Amino acid sequence: MKPMKVLLIDIDSTIPNLALKKVEKYHADRGDEIIWDMALALNSVDKVYVSCVFPENKYKCLIFEGRALIGGSGYDMSVKLPPEIDAVKPRINWGFTTRGCIRHCHFCFVPTMEGNIHKIGDIYDIWDGKSKELFIMDNNILAMPDHFKMICGQLRGEKLRVDFNQGLDHRLLSEDLWHELTTLRHIREIRFAFDDIAYKKTVVRALELMKRGGLKDWQTRWYVYVGKKDTLKTVYERLVLLKSYKQTAYLMRDKEVHDNPQWIAMAAWTSLQGAFKLDLPRLLKESDRFKSYAKYFPAGAMK
């Protein structure tokens, strides 16, 4: 069979696009020519694959409709790769050992696309055998504790540095799972999420557990979700709690509130560790940089 010219178009991925990497390897293994060039004329290739991650970019896919296989969470979550391509293991030191999640967070599409959590492989399905670093993208690997321990054993055995890139579920943390984490070589901080003030008790439980297990100051980073239902109190209370335990925080602003100046100011505080170690009211009074933000924080609102 004559080799094909296969065009791959990544509309908006900010990290390696695993679906397109699977397509790339599948066709490359068959001797096809792989082309990554959105500007290429479609009529000059034999097959086209398009991936769109973010819904706001769906309009960019319109010119490819009827001429390409288009998928991704930003286009149509029901579109799947052909089974023979989906089974491909690209081994690019980035990928998943589980898919799906046990949670149903309102801002997350993972359960809709992938269902309940299930095992799909281990580090040898991701690792190229050469790299000293591995990025594991599982959405809730702690929901399968025995599998997680097995993965940790493999990482230790191969002396790999790891980044559990999507964060870990603090509600599932136990003393033995924390011990597993402390025995690994990490690329970045260990990350958790504090998505709602309703989780205050479970966050404190996890922090106390980690402190007993030897957690060092500023060793973990917490994603703090901010949505349209949040108030200054619900966000500030979470940040102050994390700060009191000497935890780094990252404000994850939903796109609906991303440009709210109040949250921009709060994000500026959390993004600079030196600033986050100081009280925000003090910064608003004494720091030239933060004085301009004072108008967004009413007197007495941060007590």
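Q: In this predicted model, are Arg191 and Asp163 buried or exposed?
A: The model is a predicted one, and the class rests on relative accessible area, with under 20% taken as buried and over 50% as exposed. Arg191 and Asp163 both fall into one of these classes, namely buried.

Q: How many residues apart in sequence are the parts that Arg191 and Asp163 tie together?
A: Arg191 and Asp163 form a salt bridge whose closest N and O atoms are 2.0 Å apart. Arg191 belongs to strand 11 (residues 190-193) and Asp163 to strand 9, so the parts tied together by this pair are separated in sequence by 28 residues.

Q: At what angle do helix 4 and helix 5 pack, and which term describes their relative direction?
A: The axes of helix 4 (residues 145-157) and helix 5 (residues 175-182) are 10 Å apart, and the packing angle is about 20 degrees. Angles under 35 degrees count as roughly parallel. The crossing is left-handed, and the direction of the two helices is therefore described as roughly parallel.

Q: How many charged residues are there in the contact of helix 4 with helix 5?
A: Helix 4 contributes Pro145, Phe148, Lys149, Cys152 and Arg156, which meet Asp176, Leu177, Glu180 and Leu181 of helix 5. The residues of this contact comprise five nonpolar and no polar ones, and the number of charged residues is four.

Q: How many salt bridges does the whole structure hold, and which residues are linked in a network?
A: A search of the whole structure finds 22 salt bridges. The residues linked in a network of salt bridges are Arg103, Asp169 and Arg171.

Q: What is phi of Asn93, a residue that is not a glycine?
A: Asn93 is located in the loop between helix 2 (83-86) and strand 5 (94-95). With a relative accessibility of 12%, Asn93 counts as buried. Its phi is positive, at about 65 degrees.

Q: In which loop is Trp218 found?
A: Trp218 is a residue other than glycine with a positive phi, near 60 degrees. At 18% relative accessibility, Trp218 is classed as buried. Trp218 occupies the loop between helix 6 (200-212) and strand 12 (220-226).

Q: How many nonpolar residues take part in the contact of helix 7 with helix 8?
A: Helix 7 (residues 232-244) packs against helix 8 at an angle of about 5 degrees, with their axes 12 Å apart, and the two are therefore roughly parallel. Leu232, Val235, Tyr236, Leu239 and Lys243 of helix 7 make the contact with Gln262, Trp263, Met266, Trp269 and Thr270 of helix 8. Two residues of this contact are polar and one is charged, while the nonpolar residues number seven.

Q: What distance separates the C-alpha atoms of Pro261 and Lys295?
A: Pro261 is part of helix 8 (residues 261-271) and is partly exposed, with a relative accessible area of 34%. Pro261 and Lys295 are 34 residues apart along the chain, and their C-alpha atoms are separated by 9.9 Å.

Q: What percentage of the residues of the chain count as buried?
A: The secondary structure of the chain consists of eleven helices and 13 strands, and its C-alpha trace spans about 70 × 45 × 30 Å along its principal axes. Of the 303 residues, the buried share is 44%.

Conventions: Residues numbered from 1 in each chain as written. Predicted model: local features only at pLDDT ≥ 70, side-chain atom pairs only at ≥ 80, totals over all residues. Heavy atoms only, no water. Axes fitted to C-alpha atoms, helices over the stretch in contact; angles between N-to-C directions. Helix = DSSP H or I, 4+ residues; strand = E, 2+ residues; numbered from the N terminus. Parallel < 35°, antiparallel > 145°, perpendicular 65-115°, else oblique. Left-handed = near helix turned anticlockwise from the far one by under 90°. Contact = heavy atoms within 4.5 Å. Nonpolar A, V, L, I, M, F, W, Y, C, P; charged D, E, K, R; others polar. Salt bridge = Lys/Arg side-chain N within 4 Å of Asp/Glu carboxyl O. Buried < 20%, exposed > 50% of the residue type's maximum accessible area, 1.4 Å probe, protein only.
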